[in-house]
Structure formats: structure tokens, C-alpha cells
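Please examine the structure shown below.

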Amino acid sequence: MEVQLSERLKKLPPYLFADLRRKIAAARERGVKVISLGIGDPDMPTPDAVVDELTRAINDPADPNRHRYGCDVPTVEFPQAVKAFYKRRWNVNLTDDQIVTTNGSKDAIAQFAMGILNPGDIGIAPSPGYPTYAIGHTFASAVTYQTPLLRENNFLVDFDSIPAEVCRLAKILWLNYPNNPTTAVADLDFFKRAVEFGRKHNILIAHDSAYSENVYDGYQAPSILQVPGADEVAVEFFSLSKGFNMTGWRAGCVVGNASAVKSLRLVKDNTDNGSLRAIQFAAARALNLSDELTPKVNEVYRRRRDLVIDALNAHGWSLEKPRATIYVWAPVPKRYNGSSAEFCTELLEKAGVVVTPGLGYGQWGEGFFRISLTYSDDILTEAMNRMVKLKG
Ligand SMILES: *Cc1c(COP(=O)(O)O)cnc(C)c1O
């Protein structure tokens, strides 16, 4: 039998990187030594202290629950560490009903939509942006309104530009700062405006804080929950993936508005079984040691960022150094007339270098491309040498 895809799967946007993936395979077949700077998955290993805690916990004969469903026998350590982290990092006090630990943010973002959206509701998602916000809406049979992140607005959401009708029908607005893919950062004043917008229109503000720990040059990323009263209208999705080199572990949390946290708990209770206790112990350890662990990781990304930006700026770009995230976001050279696909294809075919076309993150990402800094200095240097030769 041949299964038919569900209507919701058919509604997913075409996977824009599929074409690129085919072209990469073809280039490799022709013998081109392809360097890919496409994927935002940290190359550095998880810190030893975190791995050690996992090994300790999984080998602990005194813990009879170490193999069991993490949702039924959750650790007290993980949510406690989340609380302590938010207090230390942002002076935010969280109560138990304002925290739910997750198996990472991607899962939680998709699950979250199922808990609060009805068919026909609107969810507002930034473009360019992380695709899972809109995919979550689609899975919940809701509709996405894409709000553009424009360079002239420093890639911040322009709340005043969102049509009144959308404001009336929307139940949720997604934000993500420090931002993937634009690398933009937002200050507390921006989050104040976001909270005001949410309150005025009765829209839940969901802030994806996946890169809050990937920061440079003394920059500190704020939490939306630092805004007084934010917990009335906002939740924040925090993940250990990018800040602690823990993408494969699946550990994060959602904090803030208690009713929103409750709705996510309900969806999770019915769709997943939590994560292994040893992972929860290790995640707690990572958060407790954040002040010590993240600066070491960030020092490497800062050096790579400088390497890439300096190389591009020496060849006609004029980019500022991003203060956060693990990416560089740059306009495609003029002669490609703003076509990110055309630039990325030519870069692959003529230089054997893969970067991600901005269009892959939504229509407003067109004209740009993204480089991921999750590659060694040597790889980045070789890629930049090949790439700048193409610039015209
Ligand atoms: C990587 C990423 C995530 C997902 O991280 P998880 O590993 O699922 O926790 C969420 N949002 C953005 C913007 C990301 O780049």
C-alpha cells in the first residue's frame, strides 16, 4: 500500500534546501571538495563536567529510577537549576508553575502550538525565521502571518506594521533574539514594547531564547521575563543546545506565563515521556556551571566570527560583527540581483562552498545568505579564501 500524506503534511512549505542538497551531491560526484558552512550544529564537544554528570547518574546504583520514564520520575535538580539560572542570570524569580522542562526547543515549539491554537487561528512568525514556528501553526490547522524582519529596522519586529485584523485574530507572536538567521539582538526596551503589544491585543508573546548564551564582546542578552509583568503575556523557550554544545541531548525549558506552561505540560503529558533522568541531571549541572562553561565556548566562536567578518569585509562587504549567535548573515553580492539561490548555487559550483540561502528562512530572507560558525578555523579560512574570489 502507498500511504497518502495528510493534508497537514501537504501544507508544509517546500523544503528549500532539498535542491541545494542535490547540487551538493552532484558536485561531490564530480570530484569537487565541497566545504559546507550550512548547518548550525555545534562542532565542539559537550563540556566534560556535563558528560561526567551524565555518566555518574546513569551508573548510579542508588537511583532505582535511572532507566525509567523521565516524565514520571523527573529530577528535582533540573527545574531547580532552571530557577537558579534565571535568578542569577536575569534576576527573574520563577515559581514552580512557571517552569516546564522540555526535550529541547524544536519539539516544544511544535507541541506548544497544539496546546493553544484552534483551526483558523492566526499565529504571527518572523520572516526570515526558524521554520518550526509556522510548522507548528500548520500542524494545529492554524494560519501563519509572516511579519518581516527588515535590515532598516535592525531585523526587529515592527509591531506597528502588523495589520489590525491580524492583531484581532492572532493568538501568538513568536520572537527570537538573539536571532537566527539575522544575528540581530534586542534590548529590554524592545521586549517592553513586545509585552505592551501582547497585552493590548491579547496575544501571547512566545520568545525563543535559543542563543541567549552565545554572546560576545561583553554583550548580555536580556530575557523577556525581565520586563515587569511579562509573565502575564509572555513565555520564553530556553534551550541548552547551542550555548552548551548539547544539541543531541534534547534539554531545555519553557518558562513564564503559568497558563501557557500548563497547556504545554498537557500536550507533553499526552505526546512524550520526558527525557532520561541522567540527561536531566547533566542539564542541571550545565546550567549550574554556566558562568564557567559558556565563556570558553564563546571565545572560540568570537575568534571564528572575526575571521569570517574580516575576510568578507576585506573583499567588499561592510558587515558589523554580530554580538551574538553562531552565524554571520550577509547580503549576496550585487551582481546576483538579490537572488540568494543563484549566489549559493554559483558559490557551490565555482568554489565548492555551501552557505545557506536566505530564502530558505522565508521570503523576507531573500537577498541574504547565512554562514554557520560551527566549523574549525582551518575550514572557515579555506572557505573564505575560495569565496572572496567569487565576489564581484
Ligand atoms: C537551534 C534552534 C532551536 C532548537 O534548538 P533545540 O535543539 O531543539 O533546543 C530553536 N530555535 C532556534 C531559533 C534555533 O536556531
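**Burial, packing and pairing**

Q: Does Cys-253 count as buried or exposed?
A: Buried means under 20% relative accessible area, exposed over 50%, and partly exposed in between, for a 1.4 Å probe and protein chains only. The relative accessibility of Cys-253 is 2%, so Cys-253 counts as buried.

The model is predicted: local features need pLDDT of at least 70, side-chain atom pairs count only at pLDDT 80 or more, and totals for chains, interfaces and linings use all residues. Residues are numbered from 1 along each chain as its sequence is written, and side-chain values use heavy atoms, with hydrogens and water left out.

Q: How many disulfides does the structure hold?
A: A disulfide is a pair of cysteine sulfur atoms within 2.5 Å. The sulfur of Cys-253 has its closest cysteine sulfur in Cys-71, at 17 Å, which is too far for a bond. Cys-71 is partly exposed, at 31% relative accessibility. The number of disulfides in the structure is 0.

Q: Which word describes the orientation of helix 5 to helix 9?
A: Helices (H or I, at least four residues) and strands (E, at least two) are DSSP runs, numbered from the N terminus. Axes are lines fitted to C-alpha atoms, for helices over the stretch in contact, and angles run from 0 to 180 degrees between N-to-C directions. Helix 5 (residues 105-116) and helix 9 (residues 258-271) have axes 8 Å apart and pack at about 105°. Angles under 35 degrees count as roughly parallel, over 145 as roughly antiparallel, 65 to 115 as roughly perpendicular and the rest as oblique, so helix 5 to helix 9 is roughly perpendicular.

Q: How do the residues of the contact of helix 5 with helix 9 divide into nonpolar, polar and charged?
A: Contact means heavy atoms within 4.5 Å. Ala, Val, Leu, Ile, Met, Phe, Trp, Tyr, Cys and Pro count as nonpolar, Asp, Glu, Lys and Arg as charged, and the others, Gly among them, as polar. Residues of helix 5 including Ala-108, Phe-112 and Ile-116 meet residues of helix 9, among them Leu-264, Val-267 and Lys-268. The division is 7 nonpolar, 4 polar and 1 charged.

Q: What is the relative accessibility of Lys-268?
A: Lys-268 is placed in helix 9. Not counting residues up to four places away in sequence, Lys-268 touches Val-100, Thr-101, Thr-102, Asn-103 and Gln-111. Lys-268 counts as buried, with a relative accessibility of 7%.

Q: Which residues does Ser-105 touch, not counting residues up to four places away in sequence?
A: Ser-105 belongs to helix 5 and counts as buried at 9% relative accessibility. Its partners are Phe-237, Phe-238, Ser-239 and Arg-250.

Q: Which residues are buried in helix 6?
A: The cover over the buried residues of helix 6 includes helix 1 (7-10), helix 5 and strand 3 (122-127). In helix 6 (residues 132-139), the buried residues are Thr-132, Tyr-133, Gly-136, His-137 and Thr-138.

Q: Why is one side of strand 9 and of strand 11 left without a neighbour in the sheet?
A: Two strands pair if DSSP finds at least two bridges between them. The open sheet has 3 strands in the order 9-12-11, with antiparallel pairing. Strand 9 (327-331) and strand 11 (356-357) are at the edges, so each has a single partner strand.

Q: Which residue in strand 12 does Thr-356 stand opposite?
A: Strand 11 and strand 12 (residues 368-372) run antiparallel and are joined by 2 bridges. In strand 12, the residue opposite Thr-356 is Arg-370.
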